[in-house]
Amino acid sequence: MSFSSPAFWAVIPAAGVGARMAADRPKQYLQLGGRTILEHSLGCFLDHPGLKGLVVSIASDDPFWPFLPSAADPRVVRVDGGRERADSVLNALLHLHAHGACDDDWVLVHDAARPNLSREDLDKLLGELADDPVGGLLAVPARDTLKKVDKQGRAVATIDRSLIWQAYTPQMFRLGALHRALADSLVADANITDESSAMEWAGLAPRLIEGRSDNIKVTRPEDLEWLRLRWVNR
Ligand SMILES: Nc1ccn([C@@H]2O[C@H](COP(=O)(O)OP(=O)(O)OP(=O)(O)O)[C@@H](O)[C@H]2O)c(=O)n1
Ligand SMILES: C[C@](O)(CO)[C@H](O)COP(=O)(O)O
């Protein structure tokens with residue numbers, strides 16, 4: 001199958017503290033196969049010929065970023081992160097708008113903590129959404145039986161999983177529409193955990209593109225243990 005691939009900007013929110021990982025540094029700076037998680041997450045974009053530029057949101061007091069090889073890449077710009085992930089993404093979009101990017105440009109937002117994005121999935125997302133009026137995201141259908149529980153943690157129902165998917169990144173939208181949706185939904189104090197939820201809040205219906213389930217977000221220590229085992233066996 002061949003896809004036409006549009007040019008795009010990449011935004012990498014990397015200003016989280018990794019509280020659930022509970023490591024000695026933010027999880028994006030932990031090692032995986034001789035490089036930091038963040039370098040892996042940036043790499044898939046920096047290797048792509050369609051990349052116009054990459055904005056990475058970094059906490060203002062972050063001492064690690066300047067020592068990463070990608071910090072010296074002329075295509076990479078650092079902006080300050082914000083309080084929540086959505087604020088960090090918004091800062092990056094503000095930068096793009098202020099530096100000549102157009103409303104119609106595609107922006108791909110990808111978690112710093114997702115180091116296992118494949119080129120195949122990136123091209124699939126770009127190709128399948130190139131002509132989409134809204135945009136969309138990589139996602140995977142729910143694999144296991146899903147339970148609704150009561151406050152005591154006891155199962156009270158089994159949920160129909162046929163319409164349940166897990167949202168992954170990258171998430172791909174037009175710069176102008178995403179900027180408006182994120183800014184307005186934050187002002188309205190909506191619960192925005194990804195770019196798609198901001199677009200949904202704005203009344204739009206992003207398309208889900210099925211990706212590989214191993215494009216996991218490193219959230220807890222066992223996620224990194226699992227990825228390290230995979231890296232050893234590559
Ligand atoms: N204020 C924030 C919070 C999160 N992120 C980024 O958003 C991505 C996904 O967030 P998550 O897994 O929740 O990361 P953390 O916030 O670091 O983790 P935790 O919630 O466990 O503290 C990460 O790449 C993280 O660096 C960000 O840029 N700015
Ligand atoms: C954006 C995201 O990775 C989609 O799954 C996720 O929502 C961000 O992390 P969090 O754990 O929800 O804070």
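Predicted model: local features only at pLDDT ≥ 70, side-chain atom pairs only at ≥ 80, totals over all residues.
Residues are numbered from 1 along each chain as its sequence is written, chains are lettered from A and ligands numbered from 1 in the order in which they are written, and side-chain values use heavy atoms, with hydrogens and water left out.

**Ligand 2**

- Asp111 also reaches ligand 2: an N or O atom in its side chain is 2.5 Å from an oxygen atom of the ligand.
- Ala167 uses its backbone instead, with an N or O atom 2.7 Å from an oxygen atom of ligand 2.
- Taken alone, ligand 2 exposes 350 Å², and the protein buries 71% of that (accessible areas come from the Shrake-Rupley method with a 1.4 Å probe; for residues, only the protein chains shown count as cover).
- The residues around ligand 2 include Arg20, Arg85, Arg114 and Thr169 (a residue is near a molecule or strand if one of its heavy atoms lies within 4 Å of it).

**Ligand 1**

- How many residues surround ligand 1? There are 19, and the closest are Gly18, Ala19, Lys27, Ser88 and Lys217.
- Backbone atoms take part here: an N or O atom of Pro13 lies 2.9 Å from an oxygen atom of ligand 1, and one of Ala19 lies 2.7 Å from an oxygen atom of this ligand.
- Ligand 1 taken alone exposes 560 Å², of which the protein buries 87%.

**Helix 6**

- Helix 6 covers residues 221-232 (helices, H or I with at least four residues, and strands, E with at least two, are DSSP runs numbered from the N terminus).
- At 1.5 Å a residue, its twelve residues should span 16 Å, and the end C-alpha atoms are 17 Å apart, which agrees (the expected span is 1.5 Å times one less than the number of residues).
- Asp223, Leu224, Leu227 and Trp231 are its buried residues (buried means under 20% relative accessible area, exposed over 50%, partly exposed in between, with a 1.4 Å probe and protein chains only).
- Seen down the axis of helix 6, these buried residues fall within an arc of 90 degrees, so they line one face of the helix (the arc is that of the directions from the helix axis to the C-beta atoms).
- On the other side of helix 6, Glu225, Leu229 and Val232 are exposed.
- The buried residues of helix 6 pack against strand 2 (31-32) and helix 1 (37-46) (contact means heavy atoms within 4.5 Å).

**Helix 4**

- The buried residues of helix 4 include Leu175, Leu178, His179 and Leu182.
- These buried residues of helix 4 pack against helix 2 (85-98), strand 6 (106-109), strand 10 and helix 5.

**Backbone spots to look for**

- Asp189 follows helix 4 and has a positive phi, near 60 degrees; Asp189 is exposed, with a relative accessible area of 69%.
- Ala22 has a positive phi too, near 50 degrees, in a residue other than glycine, and counts as exposed at 65% relative accessibility.
- The peptide bond from Thr169 to Pro170 is cis, with omega near 10 degrees, and Pro170 is found in strand 10 (residues 165-174).

Conventions: Polar contact = N/O pair within 3.5 Å; in protein donor to acceptor, adjacent residues only side chain to side chain.
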